[in-house]
Amino acid sequence: MGREGPLGELLRTLAARIREGQAPPGTLAFLKAHVGRKLRIASPRYLERYP
């Protein structure tokens, strides 16, 4: 159930760095935007409840 391709590789690398305590600057903003994009597709009204 993994993601393939460049984005999948980026996310795996990022997860490893977070686990190591070495998250690069901008990680939180990137992850919020990434999850927001996924939620807009999977559950668009969810984000309306949590501005």
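Buried here means under 20% relative accessible area, exposed over 50%, and partly exposed in between (1.4 Å probe, protein chains only). This is a predicted model, in which local features need pLDDT of at least 70, side-chain atom pairs count only at pLDDT 80 or more, and totals for chains, interfaces and linings use all residues. Residues are numbered from 1 along each chain as its sequence is written, and side-chain values use heavy atoms, with hydrogens and water left out.

View 1. Welcome to the fold: the chain holds 3 helices and 0 strands (DSSP runs, H or I of at least four residues for helices and E of at least two for strands, numbered from the N terminus). The radius of gyration is 13 Å, well over the 10 Å that the globule rule gives for 51 residues, so the chain is more spread out than a compact globule (taken over C-alpha atoms; the rule is 2.2 Å times the number of residues to the power 0.38). The C-alpha trace spans about 35 × 25 × 15 Å along its principal axes.

**View 2. Thr27 and its contacts.** Helix H2 covers residues 27-42 and includes Thr27. With a relative accessible area of 9%, Thr27 is buried. Leaving aside residues up to four places away in sequence, Thr27 touches Leu14 and Ile18 (heavy atoms within 4.5 Å).

**View 3. The surface of the chain.** Of the 51 residues, 10% count as buried.
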